[in-house]
Amino acid sequence: MPNRIIRESCRTSKTLDRISAEAERLFWRLTTVADDHGRFESASSTVRSLCFPSREPAFTSPRVEGWLQELAASPDPAIQLYQVNGKRYGCFPTWKKHQRVRAEHSKYPAPPSADK
């Protein structure tokens, strides 16, 4: 897994300021799960097991689902949730602005609205 860049501008991000502390914690952990194109599997049970492996039973799938929805529903969404062939994925809409993309191809399908 490549290293991720956290820029100091995150401290003044309006997107991150609009979400709860728990959703922001999930946001940062998702950056370590996302592939090199900022995409990840977003079933709440999968996200819970990848992002909070030591926090069960306190961090249940329904709680994680609530945080995912919070990240996706903010006025300037921190993540985008989408489905391809019945499987749910997520991506960071501004990933390329903040991270280096080294891999030529993503491990996961692009969102339907993405340019191909």
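**View 1. T31 sits in helix α2, which covers residues 21–33.** Helices here are DSSP runs of H or I with at least four residues, strands are runs of E with at least two, and both are numbered from the N terminus. This is a predicted model, where local features need pLDDT of at least 70, side-chain atom pairs count only at pLDDT 80 or more, and totals for chains, interfaces and linings use all residues. Residues are numbered from 1 along each chain as its sequence is written, and side-chain values use heavy atoms, with hydrogens and water left out. Is T31 buried or exposed? T31 is buried, because its relative accessible area is 9% (buried means under 20%, exposed over 50%, and partly exposed in between, with a 1.4 Å probe and protein chains only). A polar atom of the T31 side chain lies 2.5 Å from the backbone oxygen of W28.

**View 2. K87 and E41 form a salt bridge.** The closest N and O atoms of this pair are 3.5 Å apart (a salt bridge is a side-chain nitrogen of Lys or Arg within 4 Å of a carboxyl oxygen of Asp or Glu). The pair links distant parts of the chain: K87 belongs to strand β3 (residues 87–91) and E41 to strand β1 (residues 39–41), 46 residues apart. K87 is partly exposed, at 38% relative accessible area, and E41 is also partly exposed, at 24%. How many salt bridges does the structure hold? There are 2, and the next view shows another pair.

**View 3. E65 and R88 meet through their side chains in a salt bridge.** Here the N to O distance is 2.8 Å. This pair, too, links distant parts of the chain, with E65 in helix α4 and R88 in strand β3, 23 residues apart. R88 counts as buried, since its relative accessible area is 19%.

**View 4. N85 has a positive phi of about 50°.** N85 is not a glycine. For comparison, most residues other than glycine have a negative phi. Where does N85 lie? Look for N85 in the loop between β2 (80–84) and β3. N85 is exposed, with a relative accessible area of 80%.

**View 5. R63 lies in helix α4, which spans residues 61–73.** With a relative accessible area of 37%, R63 is partly exposed.

Definitions and conventions: A polar contact is a pair of N or O atoms within 3.5 Å; within protein, one must be able to donate a hydrogen and the other to accept it, and residues adjacent in sequence count only if both atoms are side-chain atoms.
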